[in-house]
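Subject: Structure for you to look at

Hello,

The structure we talked about is below, and my notes on it follow. Please read them with the model open.

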There are 2 protein chains.
Amino acid sequence: MAKSDKRQLIMQAAERLFTNRRFHEVTTDDVAREAGVGKGTLYQYFHDKDDLFFETANSGFDEMCDLLRRKVPETAPFGEQLLGACMEISSFFGRRRKLLRMMQSEEARLSVFNGPLHQRWMDKRKTLISALAAIVARGVEQGQVRPDVPTEVLASFLLGMLRTRAADLHDADEQFRKYEWVVELFRHGAAGNGQSHLDTVAGDASAGPTAPEAPGHG
Amino acid sequence: MAKSDKRQLIMQAAERLFTNRRFHEVTTDDVAREAGVGKGTLYQYFHDKDDLFFETANSGFDEMCDLLRRKVPETAPFGEQLLGACMEISSFFGRRRKLLRMMQSEEARLSVFNGPLHQRWMDKRKTLISALAAIVARGVEQGQVRPDVPTEVLASFLLGMLRTRAADLHDADEQFRKYEWVVELFRHGAAGNGQSHLDTVAGDASAGPTAPEAPGHG
DNA sequence: TCTATAATACTGACCAGTCAGTATTGAAGG
DNA sequence: CCTTCAATACTGACTGGTCAGTATTATAGA
C-alpha cells in the first residue's frame, strides 16, 4: 500500500469518528482501530491529534474545488455554470452533511486565533470562494450580475446561502430546499418580480442534494 | 449576592473562556477561577461541564430576541423594520463575534444528534427565525416580498446572510461589510436592477440623490 | 539487512466531579 | 442589641479514571 493511500485511510476513519463525536470524545486509539492501523502509525502521518483533526476538516475544501473543476463546464454560459456549481456544492453538502458540520465547527474555532493553521484554512477557503467568484465574474461580463459589488463578496454570500440551505432548512418544505431556489434568491432576491423563475422546476423531484449521508458510521 | 447573579457571573466567565479555547482546552478549574468562585459552586448551578457550555452558547438567542423585541418598532413599515432588525443583529454579531462562533460550533455539534439538547436548541433558534419571519410577512402583506416562498425560509436565508457578513467578510472591503448591503442583496439579489439602492454607500454610483440611511454600527 | 508496520505495553500529565468541612445568612429568642 | 441555631451556599483538596504520545517487540515485505 502506497504511503498516500494509508494517509487517506486514516483520514477517512478520522472523518467517520470526528463527525459523530466531539474532538475530546474520540481517542487516538479509536482512530487507529477504525482505520485498522497501529496507533504509532498515526504519528507517522500526522504530527498530533490536532493535526489529524485539522487535516480531516480541511480536506472538504479540496473535494469541493475538485468537484467544481471537474463537473462545471468551463465554457458554458453564466446561468448554466451558476446552476451547475450550486448543484455540485448542494449535493456535496447533502452527501457530506456531517463533514460540513465538522468544517463549520473547525472554522469557528480557528477564526478566533491568528496562527498558521488559521492562515492555511483561510487560503483553502479563498480558493473555493475564488472559483465561485470566477463564475460570478462571467455573470458580470454577460450583464447578468450587478457590477457594483466585488465578485468575492457575492461568492461569499452565495456559499453562505448554500450552507444555510444545507444546514438550516432541514425541516423546511422539501420544495424550498431545492438548490434552484438558492440560485433564484441569489439572483433576484426576496422581492422577486412577482413571477418565479422556477416554473419548470417547482414540481420536479429529480434533484439529488437531499441524499443520505455518505460515509455513514454506526 | 443573589443566586441568579452568581449564575450570570459563572456564565460570563465561561463565555470568556469557551470563546477563546475549545471545550476540552478549558477546564472547570479555569472557569471557577475566572468567575472567582469555588469549583464546587459550578455544580450548584450547572449539572456538568456540558450543561454549562450549552447554556452559555444558548444564551445568545435570548439576547438577540430581546434586541429585536426592544429595538425594532412594532408598527414601522416593512422597510424600516427590516433595516432595523438587520442593524441590530449585525451589531450583535459584531460586538459578540466570538459568541457567534461558539454558537455556530455548538449548533454544528448538536445537529449531529437527536437528543433533548438538540430540541431545546432548535426551539430557541426557531423563536429567532419566527421573529424575523414576522417582519418578512409584513413585507409580503405590503407587496414588497414575493409571496411564493415561506417566510421562515426567507428568514433563514436572511439570518444566514447576516452570519456570512459577520463571519466570512471580515477581510472584505469595509464598504461591502455594511449591513445595508445585506438588506440590498436580500431584497433585490445579485442581478440587481443595474442601479444600486444604496446611493450613499456605493462609491461609484453616479446617481446623485441620497437615500435616508441608518448610522453605521460599531 | 533494512524499512515500515501492527500490536501492545507503558507512563505521566491531566481533569471532571465529589464531598467533608467552612462560611454566610436569616430567623427566633432573650 | 446579642446569641444561637438551622439551613443554605460555598470551597478546594482529593480521587479515580482517562488518554496522548512513546517505547518496545515482532512480523512482513523489498
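**DNA strand C**

The surface near DNA strand C draws most on α3(A), which gives 4 residues. At least two residues each come from α1 and α3 of chain A and from α2 (28-35) and α3 of chain B. By class, the surface near DNA strand C holds 2 nonpolar, 7 polar and 7 charged residues. Please keep in mind throughout that this is a predicted model.

**DNA strand D**

For DNA strand D, the element that gives the most to the nearby surface is α3(B), with 4 residues. The elements that supply at least two residues each are α2 (28-35) and α3 (39-45) of chain A, along with α1 (3-18) and α3 (39-45) of chain B. Around DNA strand D there are 17 residues, of which A:D48, B:V37, B:G38, B:G40 and B:T41 come nearest. The surface near DNA strand D is made up of 3 nonpolar, 7 polar and 7 charged residues.

**The two protein chains**

The contact between the chains involves 42 residues from chain A and 46 residues from chain B. On the side of chain A that touches chain B, two or more residues come from each of α6 (97-110), α8 (151-168) and α10 (179-188) of chain A. The element that gives the most to that side is α8(A), with 10 residues. Sorted by class, the side of chain A that touches chain B has 17 nonpolar, 14 polar and 11 charged residues.

**Inside chain A**

Chain A contains 10 helices and 0 strands. Of its 218 residues, 42% are buried. Taking the contacts in chain A between residues at least 6 apart in sequence, 61% join residues at least 24 apart.

One helix pair in this chain is worth a look. Helix α4 (residues 49-71) and helix α5 (residues 78-95) of chain A have axes that come within 10 Å and cross at roughly 145 degrees. The crossing of α4(A) with α5(A) is right-handed. From α4(A), the residues that make the contact are A:E63, A:M64, A:L67, A:L68 and A:K71. From α5(A), they are A:G84, A:A85, A:E88, A:I89 and A:F92. The contact of α4(A) with α5(A) has 6 nonpolar, 1 polar and 3 charged residues.

**A residue to check: A:E15**

A:E15 sits in helix α1 (residues 3-18) of chain A. Is A:E15 buried or exposed? A:E15 counts as buried because 23 C-beta neighbours lie inside 10 Å, and the cut-off for that class is 20 or more. Along the chain, A:E15 and A:M102 are 87 residues apart, while their C-alpha atoms are separated by 8.7 Å.

Regards

Key:
Residues are numbered from 1 along each chain as its sequence is written. Chains are lettered from A and ligands numbered from 1 in the order in which they are written. This is a predicted model: local features need pLDDT of at least 70, side-chain atom pairs count only at pLDDT 80 or more; totals for chains, interfaces and linings use all residues. A residue is near a molecule or strand if its C-beta atom, placed from the backbone, lies within 6 Å of it. Ala, Val, Leu, Ile, Met, Phe, Trp, Tyr, Cys and Pro count as nonpolar, Asp, Glu, Lys and Arg as charged, and the others, Gly among them, as polar. A residue is buried if 20 or more other C-beta atoms lie within 10 Å of its own, exposed if 12 or fewer, and partly exposed in between; C-beta atoms are placed from the backbone. Two residues are in contact if their C-beta atoms, placed from the backbone, lie within 7 Å. Axes are lines fitted to C-alpha atoms, for helices over the stretch in contact, and angles run from 0 to 180 degrees between N-to-C directions. A crossing is left-handed if the near helix is turned anticlockwise from the far one by less than a right angle, and right-handed if clockwise.
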